[in-house]
Amino acid sequence: MVDSARRARRWTGGLVRTWARHPRYGLAAKAALAASLAWAVVQLVPGPAAAYPYYAPLGAVIATSTTLAGSAREAAQTVVAISLGAAVALGVDALAYPNGATIAVVVALGVLLAGWRALGDSGSWVATAALFTLIIGDRDPFGYVAGYAGLTLLGAAIGLAVTAAFPPLPLAPAQAQLAQLRDLLADQLDDLAAGLRQESPPAGHEWQERMHAIDPVLNSTRTAVQLSDQARRGNRRARRYAEEAQQQYEHARALESLAFLVADVTELVREHETAELQMDEIAMGPTLRPPTAQALAAIAAALRSIADDAIGDDVVGDPAVVATARVAVEELAGHVRRQRTATGGDLFVAGSVVTTLRRCLTAVVAPGPADTRH
């Protein structure tokens, strides 16, 4: 009995986590509910509009979005676009019977009006509504417009009501994207460290094989976090999760800063520590490569030590792992100072690597202004 209850809880917990991480499941359920409710309500609508009941569930689907603010915006833009298209068609229809020329005119005007920025992605409905009104609604254009725009608006209101009753707050998908970005940055640092641990520096093409595509993951993370932030507007659940949402936003800012820093140190190493350079052109050489690799690997470990429930604390990463990383970076700085004294060189690139790694560590430890020590 106990095992059965444990398995049931595990199954239920897994289902809840899957549902939270994939907001489209909830979106599909809400769209289906809104469409079915709109269809039921439209059966009670009298008059000419009742001849076009399918526009009510259409409006419900249009107004069901991943955020409440997004649902309201898309619903308003779509209804305005449909109204504009209908107005264009009514104006052209008053001048001539539908034919090839009038169809061309309404489509051309609809496409031009679709570019109005205020309509957003709903602009394509202008030409569609104009064409439908001109052809399908030719016998009763005003009744058709009332049915098209009016029932779409009715369905949109129902869609908004369903979205407001079950407001989404997609924190879990954003958190999953943050974790993916975090792991990718750690992988990049580890690959740099592995390259520097070789007896001789890798060639240019070998460094290229160690480069990770950070920008696509960074862009996906930005989108997920922005969606999560937008979902807070007008959301009755937002106050309950306000602290988690704010911590997530701060974590995203820190990781975005870290992504640029990792890209910077990656380019420094790739350009100035390659087999194609002469010995006197190499930035670090056999003396500085090992401590640099140690510092890179230590920061990667600190980055991986970040726990989701620790976001926003004074120390984000595991304190012991972060302390190890701090020691490794300062040891590298000491090696650079000693070699500068011994050789009399400026070691500008090596110093830049130390500065960038300090700033990386600051982003891992405490999101906020970057460490600017030199």
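Me: Start with a single residue. Leaving aside neighbours within four places in sequence, which residues is Thr274 in contact with?

Reply: First, a caution: this is a predicted model. Now read contacts by skipping sequence neighbours within four places; for Thr274 that leaves Pro201, Pro202, Trp207 and Ile282.

Me: Where does Thr274 lie?

Reply: Thr274 sits in the loop between helix 11 (242-272) and helix 12.

Me: Does Thr274 count as buried or exposed?

Reply: Look at relative accessibility; under 20% is buried. Thr274 has 7%, so it counts as buried.

Me: Next, helix faces. How do I read one?

Reply: Start from the general idea. An α-helix has 3.6 residues a turn, so residues three or four places apart point the same way. Now take helix 5, residues 100-114. Its buried residues are Thr102, Val106 and Gly110. They cover an arc of only 65 degrees around the axis, so they are on the same side of helix 5.

Me: Which residues are exposed on the other side of helix 5?

Reply: Gly100, Ala101, Val111 and Leu112 are exposed there.

Me: What does helix 5 reach from its first C-alpha to its last?

Reply: Compare its span with the expected one. Helix 5 has 15 residues and reaches 21 Å, close to the 21 Å expected at 1.5 Å a residue.

Me: Now cores. What is the general idea?

Reply: In soluble globular proteins, nonpolar side chains tend to be buried together. Here the largest nonpolar core has 55 residues. Those with the most contacts inside it are Leu185, Leu258, Leu303 and Leu357.

Me: Which elements give two or more residues to this core?

Reply: They are helix 8, helix 10 (214-230), helix 11, helix 12, helix 13 and helix 14.

Me: Take Leu303. Which residues does Leu303 touch, not counting those up to four places away in sequence?

Reply: Leu303 touches Arg182, Leu185, Ala186, Leu255, Leu258 and Val364. Another core lies apart from the largest one. That other core has 15 residues, among them Tyr55, Ala60, Ile82 and Tyr144.

Me: Last, salt bridges. How many salt bridges are there?

Reply: Look for a side-chain nitrogen of Lys or Arg within 4 Å of a carboxyl oxygen of Asp or Glu. By this rule there are six. One of them pairs Arg304 with Asp187, with the closest N and O atoms 2.4 Å apart.

Me: Why does the pair of Arg304 and Asp187 tie together parts that are apart in sequence?

Reply: Arg304 lies in helix 12 (residues 285-304) and Asp187 in helix 8 (residues 171-196), so the bridge ties together parts 117 residues apart in sequence. Arg304 is partly exposed, at 38% relative accessible area. Asp187 is also partly exposed, at 31%.

Me: What does Asp190 form with Arg304?

Reply: A salt bridge, with the closest N and O atoms 2.5 Å apart. This pair also links distant parts of the chain: Asp190 is in helix 8, Arg304 in helix 12, 114 residues apart. Asp190 counts as partly exposed, at 24%.

Me: And Glu330: which residue does Glu330 form a salt bridge with?

Reply: Arg358, the closest N and O atoms being 2.9 Å apart. Glu330 is in helix 13 (residues 319-343) and Arg358 in helix 14 (residues 348-365), 28 residues apart. Glu330 is partly exposed, at 28%, whereas Arg358 is buried, at 8%.

Me: Which residues do salt bridges that share partners join into one network?

Reply: Trace the partners from bridge to bridge. Asp187, Asp190 and Arg304 form one network.

How values were computed. Residues are numbered from 1 along each chain as its sequence is written. This is a predicted model: local features need pLDDT of at least 70, side-chain atom pairs count only at pLDDT 80 or more; totals for chains, interfaces and linings use all residues. Side-chain values use heavy atoms; hydrogens and water are left out. Helices (H or I, at least four residues) and strands (E, at least two) are DSSP runs, numbered from the N terminus. Buried means under 20% relative accessible area, exposed over 50%, partly exposed in between (1.4 Å probe, protein chains only). The expected span of a helix is 1.5 Å times one less than its number of residues. The arc is that of the directions from the helix axis to the C-beta atoms. Contact means heavy atoms within 4.5 Å. A nonpolar core is a set of buried Ala, Val, Leu, Ile, Met, Phe, Trp, Tyr and Cys residues joined through side-chain atoms within 4.5 Å.
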